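Here's a quick tour for anyone meeting this structure for the first time. Have a look at the view below, then read on.

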Amino acid sequence: MDTMRERFIDVTTHLLDEDPRLALVLADISAASFEPARERHPDRVVNVGIREQLLIGAAGGLALAGMRPIAHTFASFLVERPFEQVKLSLVHQGVGAVLVSAGGSYDNPAAGRTHMSPGDVALLDTLPDWTVHVPGHPDEAERLLRHAYADGERNVYVRLSNHQNATPLAVEPGRFTTVRTSRKGAVVIAVGPMLDAVLAATEGLDVTVLYAATVRPFDTAALRAAVGERTDVVLVEPYLEGTSAHAVHEALADRAHRVLALGVPRAEHRHYGSMAEHLAAYGLDAPSLRERIGTYLW
């Protein structure tokens with residue numbers, strides 16, 4: 001199975017051939033993989049080098065010129081480092097771009113803290129009107145990427161990771177997918193690549209499992225429809241814990257409810273190890289999730 005990043009490269013290469021309005025801005029990352037596309041479209045595939053502020057500024061300029069730009073690099077260099085340019089060159093200018101990241105929260109821990117970005121979605125949450133997709137499988141990444149590219153002039157963030165589920169779901173952009181149903185039990189929301197671990201952790205438990213491959217806009221209607229006799233919600237995200245807790249609270253503002261928000265803790269990261277070791281350390285592997293969810297609900 002290919003990775004989400006490999007699928008992104010393949011899909012974007014084909015879209016560049018099909019749509020003269022599409023432009024791609026790179027900051028060295030994945031540049032070699034896009035070299036054939038750059039040779040065919042040298043005016044629409046631009047590598048600015050390791051200048052991430054320029055990456056976003058160039059995307060904003062292309063959008064102002066009527067293009068639909070895609071900007072790509074690792075999440076920490078795409079959202080965190082050039083955040084002022086995201087705020088000004090895109091949002092303040094009133095133009096839209098598609099930001100496609102790689103690296104997730106802990107894909108490459110051997111590269112150190114500079115390459116970890118558990119706070120990216122929370123940071124974008126400080127800005128208005130962003131669509132945020134968090135696919136859990138390359139097939140979902142392709143569907144959401146194509147939707148993002150065609151989504152008018154909106155600002156869209158597509159968060160790609162090597163952490164992925166074994167099987168894709170037929171996701172609908174902007175909508176949660178119901179994977180398991182219970183009218184009496186709590187609701188567990190699994191975001192993107194956390195679904196497999198959540199399903200393993202909740203096997204045999206009387207809970208509804210909702211799958212979120214799009215977290216902004218948050219599917220308030222799906223959550224409200226899923227809440228049965230109990231209004232306990234467990235939120236499992238592959239980035240900073242509590243990132244979407246405010247959205248759950250807003251969705252259930254008229255009901256008494258409890259929320260357990262699980263994700264990457266706010267403590268500083270000073271260890272390397274593998275992705276699996278990071279998941280276990282954060283309590284996001286299946287055994288840890290089962291214990292934490294079970295303790296909370298029962």
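## Charged pairs

A salt bridge here means a side-chain nitrogen of Lys or Arg within 4 Å of a carboxyl oxygen of Asp or Glu. Keep in mind that the model is predicted. By that rule, E142 and R146 pair up through their side chains, with N to O at 3.2 Å. Both sit in helix α7, and being 4 residues apart puts about one helical turn between them. R146 is partly exposed, at 34% relative accessibility.

E142 has another partner too: its side chain meets that of R7 in a salt bridge, 3.0 Å from N to O. R7 belongs to helix α1 (residues 4-18) and E142 to helix α7 (residues 138-149), so this pair ties together parts that lie 135 residues apart in sequence. R7 is buried, with a relative accessible area of 14%, while E142 counts as partly exposed at 23%.

Across the whole structure, a search finds 15 salt bridges. One of them joins E35 and R38, whose closest N and O atoms are 2.7 Å apart.

## An enclosed strand

Now for strand β3 (residues 68-74): 7 of its 7 residues are buried, so the rest of the structure largely encloses it. Strand β1 (residues 22-26) runs parallel to β3, joined by 5 bridges, and V25 stands opposite A71 in β3.

Strand β4 (residues 98-102) also runs parallel to β3, again with 5 bridges. Here F74 stands opposite A102 in β4.

Technical notes: Residues are numbered from 1 along each chain as its sequence is written. This is a predicted model: local features need pLDDT of at least 70, side-chain atom pairs count only at pLDDT 80 or more; totals for chains, interfaces and linings use all residues. Side-chain values use heavy atoms; hydrogens and water are left out. Buried means under 20% relative accessible area, exposed over 50%, partly exposed in between (1.4 Å probe, protein chains only). Helices (H or I, at least four residues) and strands (E, at least two) are DSSP runs, numbered from the N terminus. Two strands pair if DSSP finds at least two bridges between them.
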